[in-house]
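Biologist: Thanks for sitting down with me over this model. Could you walk me through it, one question at a time?

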Amino acid sequence: MNIIVLVKQVPDTETKVRITADKHNIETNDIKWIINPYDEFAIEEGLKTKERLKEGSVTVVTVGPDRTVEALRTAVAMGADNAVHVKTDGTLDTYLVSRAIAEVCKKENAQIIFTGKQAIDDDQAATFGYVAELLQYPSASVIVKCDISLNKTQATLEQEGDEGAKNIIETSLPAVIAVNKGINTPRYASLPGIMKAKKKEIKTYTLQDLGLGSETSKTLDSDYQLPPERAAGKKIAGDAATQVKELVRLLREEAKVI
Amino acid sequence: MLDFSLSDEQVALRDMVRKFVQQEIIPNAAKYDETSEFPREIINKAWQTGLMNIAIPEKFGGLGLGVLGDVIINEEMGAGCLGMTTSIAVNTLGLYPILLGGTEAQIEEFVVPFLSSPKLASFCLTEPGSGSDAGSLSTMAKEEGDYFILNGSKMWITNAGHADLFTVFCTTNKELKTKGIICLAVPANLPGISLGKHENKLGQRCSDTRSITFENVQVPKKNLIGKMGEGFKIAMRTLDRTRTPIAAGAVGAARAAMNYSKNYAKERKQFGQPIANFQAIQFMLADMAVKIESARLLCYNAAWLIDKGQDEQGSYFSALAKRHAADMAMEVATDAVQIYGGYGYTKEYPVEKIMRDVKLVQIYEGTSQIQRVLIARHLLKD
């Protein structure tokens, strides 16, 4: 079974975000890049699926500049068999990224596609849906369990709903499955894996190679803004009775929580 | 050209170990410190992740990574828990004598099984009456037919209670002093081996430390590592390779102490402002950084020399690294507790544990005084 895992390289969760002068992007110098944590669950699910089926291969795919190869090497160090890099300069929107991914999935003859339910950088949670649409595959997100039938044509998925609700989904394959935290515990890239990943040949395509040379992004991030600074706390003066009265008033009128 | 950068793989290794430490070691460090329980589960995970036995050459199915690999791993693990670091890293100490002095058949028999399951090896040099003066050891190996008959006691043996294999340094003739010392590979299941209790230590409490007694233990002659009389040399060559990773563990522990106290100093307010605003605190932090960075450079330099095959210079630099790293880590940890004040003296905060843990680095694998002896001997030799 050809298992494809879509990964995105994102800034480390502890990054102090700064915005570029033109406000179209964030400063990427000095950023420590990691694999999107939700995509790590997807890699693990891909590896687990292969182990359960006792056959097949796991191919990780990413779209981005040269630095994103590092994310692919980490995935290979975790155990992925193959890696595909769509090399791009500049920022692509979700549409163009998804077009590129869809072309790669066709080339790789994808039989199941795993990815994280969203990336922790822009939180758009969009790529899995775009890719499914472009490939005309079914898709489901926020998946916390995935069982594949023995003949590999069906999958039974468990989708997490609000307040512990569960939704069981039956889907035909191929499908795009966007996973949530809790589906598994991702393994570490092992030291032998890291040594192997060093030598692994990574398949590289450009947008031209994928027949997308004349395509352009359809949306542009025009104005990044940092969240407003948190206002300083308020100290309520007076004796206990006055303080409580004032606190209740503020909770009701300002915070509007009671 | 001089280049201080790590390779991509070394960076990947460091990041992987850092993540392992954050997820597996740090959340459990205080618990194991309190109970002094052996962290078997974490050792097994470290083995599974490939963090152990990395020196086994590629031709035997290992990774053949040099001392720098162990230095990178140990700095990261030391930043999480030095006790676990010791128990995880001690296989290197237990197996190097065989890798350095053993035949291919001996490596196949005794070392290669460590690649297929999380086995543990202990290095048995120190005795109740022979510590820094290792050459005066008195555990006897008497030749009898196809066997050496082993009698004597060893002291402070790391992982002894859980080891599958002991590399034992013993003498065939005490009058020959160091020239009478041999090295034997002793499977832990041989009859006549008894273990002391798990020592209740000040720090590194989860690392298993015991005495061992050998009473008429029959060790097959084929388990002799190296030639007769080569044991002491094998032990010293082993320590030349493990001293630097041990030093790197102290660098990691000191780094953690600095980071904890730095963050605390930014939060703790006195006299209406964060104590990080005061020069008294700033100078402590600045001195910590100088000590840590210089110790790390010495570790890298020593590892680089040994990995390049420059054993003599490497031995000298490993002594420099161990002396500096152990002593500076003790200073850094003490200052970290000082920055935390009364809170730092309690188990609610992580710095008192680091202070207790790093003390041992000034003692084990050659005290800071013995490192000075090695350094001075090198300086004065001609």
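Biologist: How far apart are the C-alpha centres of domain 1 of chain B and domain 3 of chain B?

Modeller: The domain bounds come from an automatic or database domain assignment, and for chain B it gives domain 1 (8–116), domain 2 (121–227) and domain 3 (232–380). This is a predicted model, where local features need pLDDT of at least 70 and side-chain atom pairs count only at pLDDT 80 or more, while totals for chains, interfaces and linings use all residues. Residues are numbered from 1 along each chain as its sequence is written, with chains lettered from A and ligands numbered from 1 in the order in which they are written. The C-alpha centres of domain 1 and domain 3 of chain B are separated by 20 Å.

Biologist: Which element gives the largest share of the side of domain 1 of chain B that touches domain 3 of chain B?

Modeller: Two residues are in contact if their C-beta atoms, placed from the backbone, lie within 7 Å; here 23 residues from domain 1 of chain B and 25 residues from domain 3 of chain B take part. On the domain 1 side, α1 (8–35), α3 (67–78) and α4 (82–101) of chain B each supply at least two residues, helices being DSSP runs of H or I with at least four residues and strands runs of E with at least two, numbered from the N terminus. The largest share, 10 residues, comes from α4(B).

Biologist: How do α3(B) and α4(B) run relative to each other, roughly parallel or roughly antiparallel?

Modeller: Axes are lines fitted to C-alpha atoms, for helices over the stretch in contact, with angles from 0 to 180 degrees between N-to-C directions. The axes of these two helices come within 8 Å and cross at roughly 160°. Angles under 35 degrees count as roughly parallel, over 145 as roughly antiparallel, 65 to 115 as roughly perpendicular and the rest as oblique. The crossing angle therefore makes α3(B) and α4(B) roughly antiparallel.

Biologist: Which residues of α4(B) meet α3(B)?

Modeller: From α3(B), the partners are B:Asp70, B:Asn74, B:Met77 and B:Gly78. Across from them in α4(B) are B:Leu82, B:Met84, B:Thr85, B:Ile88, B:Ala89 and B:Thr92.

Biologist: Is B:Asp164 buried or partly exposed?

Modeller: B:Asp164 sits in the loop between β3 (147–158) and β4 (165–171) of chain B. Apart from neighbours within four places in sequence, B:Asp164 contacts B:Lys119, B:Leu120, B:Ala121 and B:Ala188. A residue is buried if 20 or more other C-beta atoms, placed from the backbone, lie within 10 Å of its own, exposed if 12 or fewer, and partly exposed in between. Because B:Asp164 has 19 C-beta neighbours inside 10 Å, it counts as partly exposed.

Biologist: Which element gives the largest share of the side of chain A that touches chain B?

Modeller: The contact joins 11 residues of chain A to 11 residues of chain B. Two elements of chain A give two or more residues each, α2 (69–78) and α5 (191–199). The largest share, 5 residues, comes from α5(A).

Biologist: How far apart are the centres of domain 1 of chain A and domain 2 of chain A?

Modeller: Chain A has 6 helices and 11 strands, and its C-alpha trace spans about 70 × 45 × 40 Å along its principal axes. Chain A is divided into domain 1 (2–205) and domain 2 (233–258). Taken over C-alpha atoms, the centres of these two domains are separated by 47 Å.
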